[in-house]
Amino acid sequence: MSNDNDFMRAALVLARQAELSGEVPVGAIVVKDGTIIGRGSNAPIGRHDPSAHAELLALREAAQYLGNYRLVGCELFVTLEPCVMCVGAMFHARIARVVFGASDFKTGACGSVLNLFTEQRLNHHAEIVAGVLAEECGQVLTNFFAGRRAQNKKVVP
(Lines give C-alpha, C1' and ligand atoms only; values in the text may rest on other atoms or scores of the structure.)
Protein backbone atom coordinates (compact mmCIF):
# COMPACT_ATOMS: atom_id res chain seq x y z
CA MET A 1 0.00 0.00 0.00
CA SER A 2 1.32 3.36 -0.86
CA ASN A 3 -1.34 6.05 -0.84
CA ASP A 4 -4.12 7.49 1.27
CA ASN A 5 -6.88 5.78 -0.73
CA ASP A 6 -5.31 2.35 -0.25
CA PHE A 7 -4.97 2.84 3.49
CA MET A 8 -8.53 4.17 3.74
CA ARG A 9 -9.77 1.08 1.91
CA ALA A 10 -8.04 -1.03 4.57
CA ALA A 11 -9.87 0.99 7.25
CA LEU A 12 -13.16 0.45 5.38
CA VAL A 13 -12.66 -3.32 5.61
CA LEU A 14 -12.43 -2.91 9.39
CA ALA A 15 -15.53 -0.69 9.42
CA ARG A 16 -17.50 -3.41 7.66
CA GLN A 17 -16.24 -5.94 10.23
CA ALA A 18 -17.56 -3.69 13.00
CA GLU A 19 -20.92 -3.57 11.27
CA LEU A 20 -21.09 -7.37 11.12
CA SER A 21 -20.67 -7.34 14.91
CA GLY A 22 -23.56 -4.91 15.34
CA GLU A 23 -21.29 -1.95 16.00
CA VAL A 24 -21.38 1.45 14.31
CA PRO A 25 -19.18 0.81 11.25
CA VAL A 26 -15.98 2.71 11.88
CA GLY A 27 -12.54 1.33 11.13
CA ALA A 28 -9.06 2.72 11.77
CA ILE A 29 -5.47 1.83 11.05
CA VAL A 30 -2.11 3.21 12.17
CA VAL A 31 0.67 3.35 9.61
CA LYS A 32 4.40 3.73 10.19
CA ASP A 33 6.77 4.05 7.23
CA GLY A 34 4.16 2.66 4.83
CA THR A 35 3.31 -0.40 6.97
CA ILE A 36 0.11 -0.98 8.92
CA ILE A 37 1.08 -1.51 12.57
CA GLY A 38 -2.30 -1.08 14.26
CA ARG A 39 -5.90 -1.94 13.39
CA GLY A 40 -9.18 -1.20 15.10
CA SER A 41 -12.90 -1.70 14.54
CA ASN A 42 -15.51 0.05 16.63
CA ALA A 43 -16.37 -2.16 19.61
CA PRO A 44 -17.93 -0.20 22.51
CA ILE A 45 -21.09 -2.32 22.48
CA GLY A 46 -19.41 -5.72 22.37
CA ARG A 47 -16.69 -4.79 24.84
CA HIS A 48 -19.00 -2.85 27.16
CA ASP A 49 -16.39 -0.10 26.94
CA PRO A 50 -17.19 3.49 25.96
CA SER A 51 -13.55 4.02 24.99
CA ALA A 52 -13.45 1.11 22.51
CA HIS A 53 -13.55 3.37 19.46
CA ALA A 54 -11.77 2.13 16.35
CA GLU A 55 -9.07 4.80 16.67
CA LEU A 56 -8.20 3.91 20.26
CA LEU A 57 -8.01 0.21 19.49
CA ALA A 58 -5.71 0.91 16.53
CA LEU A 59 -3.53 3.18 18.69
CA ARG A 60 -3.28 0.51 21.40
CA GLU A 61 -2.24 -2.17 18.91
CA ALA A 62 0.35 0.14 17.32
CA ALA A 63 1.78 1.05 20.73
CA GLN A 64 2.14 -2.63 21.59
CA TYR A 65 3.79 -3.29 18.24
CA LEU A 66 6.33 -0.49 18.76
CA GLY A 67 6.72 -1.09 22.50
CA ASN A 68 6.10 2.60 23.13
CA TYR A 69 3.02 4.71 23.76
CA ARG A 70 4.58 7.49 21.68
CA LEU A 71 3.76 6.84 18.04
CA VAL A 72 6.07 9.46 16.60
CA GLY A 73 6.03 9.56 12.81
CA CYS A 74 2.85 7.49 12.57
CA GLU A 75 -0.29 8.25 10.61
CA LEU A 76 -3.84 7.32 11.59
CA PHE A 77 -6.47 6.58 8.95
CA VAL A 78 -10.11 6.41 10.06
CA THR A 79 -13.37 6.18 8.16
CA LEU A 80 -15.16 8.78 10.32
CA GLU A 81 -13.85 12.07 11.68
CA PRO A 82 -12.47 11.47 15.20
CA CYS A 83 -14.23 12.67 18.34
CA VAL A 84 -12.69 14.68 21.19
CA MET A 85 -11.73 11.54 23.14
CA CYS A 86 -9.90 10.02 20.18
CA VAL A 87 -8.13 13.26 19.29
CA GLY A 88 -6.94 13.50 22.90
CA ALA A 89 -5.39 10.05 22.61
CA MET A 90 -3.76 11.04 19.32
CA PHE A 91 -2.22 14.07 21.04
CA HIS A 92 -0.71 11.89 23.75
CA ALA A 93 0.53 9.38 21.17
CA ARG A 94 2.07 12.19 19.08
CA ILE A 95 0.41 11.04 15.85
CA ALA A 96 1.93 13.05 12.99
CA ARG A 97 -0.91 12.84 10.49
CA VAL A 98 -4.64 12.07 10.70
CA VAL A 99 -6.55 11.10 7.57
CA PHE A 100 -10.32 10.64 7.77
CA GLY A 101 -13.11 9.84 5.36
CA ALA A 102 -16.56 11.08 6.34
CA SER A 103 -17.07 14.23 8.37
CA ASP A 104 -18.98 13.97 11.64
CA PHE A 105 -21.17 17.05 12.07
CA LYS A 106 -22.32 15.95 15.54
CA THR A 107 -19.08 15.09 17.34
CA GLY A 108 -16.19 15.68 14.92
CA ALA A 109 -13.13 17.26 16.54
CA CYS A 110 -11.02 17.77 13.39
CA GLY A 111 -13.00 20.61 11.88
CA SER A 112 -16.71 19.78 11.79
CA VAL A 113 -17.71 20.77 15.33
CA LEU A 114 -14.29 21.65 16.78
CA ASN A 115 -10.77 21.55 15.44
CA LEU A 116 -8.54 20.63 18.34
CA PHE A 117 -5.53 20.29 16.08
CA THR A 118 -5.57 24.04 15.40
CA GLU A 119 -5.89 25.02 19.06
CA GLN A 120 -2.65 26.88 19.72
CA ARG A 121 -2.87 26.42 23.50
CA LEU A 122 -2.49 22.66 23.09
CA ASN A 123 1.00 21.20 22.89
CA HIS A 124 0.67 18.92 19.86
CA HIS A 125 -0.49 19.46 16.32
CA ALA A 126 -0.83 17.02 13.46
CA GLU A 127 -1.47 17.35 9.78
CA ILE A 128 -5.17 16.71 9.02
CA VAL A 129 -6.41 15.36 5.70
CA ALA A 130 -10.19 15.26 5.42
CA GLY A 131 -12.49 13.63 2.92
CA VAL A 132 -10.45 10.67 1.65
CA LEU A 133 -13.01 8.29 0.11
CA ALA A 134 -15.60 10.40 1.96
CA GLU A 135 -18.53 9.23 -0.14
CA GLU A 136 -17.79 5.55 0.36
CA CYS A 137 -17.07 6.00 4.08
CA GLY A 138 -20.25 8.02 4.53
CA GLN A 139 -22.35 5.51 2.58
CA VAL A 140 -21.32 2.68 4.90
CA LEU A 141 -22.61 4.72 7.85
CA THR A 142 -25.75 5.89 6.04
CA ASN A 143 -26.66 2.32 5.10
CA PHE A 144 -26.04 1.10 8.64
CA PHE A 145 -28.29 3.70 10.26
CA ALA A 146 -30.98 3.32 7.58
CA GLY A 147 -31.02 -0.40 8.37
CA ARG A 148 -31.29 0.32 12.08
CA ARG A 149 -34.21 2.71 11.52
CA ALA A 150 -36.00 0.18 9.31
CA GLN A 151 -35.45 -2.54 11.91
CA ASN A 152 -36.82 -0.30 14.70
CA LYS A 153 -39.99 0.43 12.70
CA LYS A 154 -40.68 -3.31 12.45
CA VAL A 155 -40.40 -3.74 16.22
CA VAL A 156 -42.89 -1.00 17.14
CA PRO A 157 -46.39 -2.53 17.71
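Predicted model: local features only at pLDDT ≥ 70, side-chain atom pairs only at ≥ 80, totals over all residues.
Which residue of S4 does Phe77 stand opposite? Phe77 stands opposite Val99.

Residues are numbered from 1 along each chain as its sequence is written, and side-chain values use heavy atoms, without hydrogens or water.

I begin with the sheet. Helices (H or I, at least four residues) and strands (E, at least two) are DSSP runs numbered from the N terminus. Five strands form an open sheet in the order S2-S1-S3-S4-S5, with mixed pairing; two strands pair if DSSP finds at least two bridges between them. Strand S2 (35–41) and strand S5 (127–130) stand at the edges with a single partner strand each, so one side of each has no neighbour in the sheet. S3 and S4 run parallel and are joined by five bridges.

Helix H3 packs on this sheet, where it touches strand S1 (27–32), S2 and S3. Contact here means heavy atoms within 4.5 Å.

I turn now to helix H4, residues 84–93. Its buried residues are Cys86, Val87, Met90, Phe91 and Ala93, buried being under 20% relative accessible area with a 1.4 Å probe, protein chains only. Because they cover an arc of only 170 degrees around the axis, they lie on the same side of H4; the arc is taken from the directions from the helix axis to the C-beta atoms. Their cover includes helix H3 (54–66), strand S3 (74–80) and strand S4 (97–102). Just after H4, Arg94 takes a positive phi of about 65 degrees.

How values were computed. Buried < 20%, exposed > 50% of the residue type's maximum accessible area, 1.4 Å probe, protein only. Axes fitted to C-alpha atoms, helices over the stretch in contact; angles between N-to-C directions.
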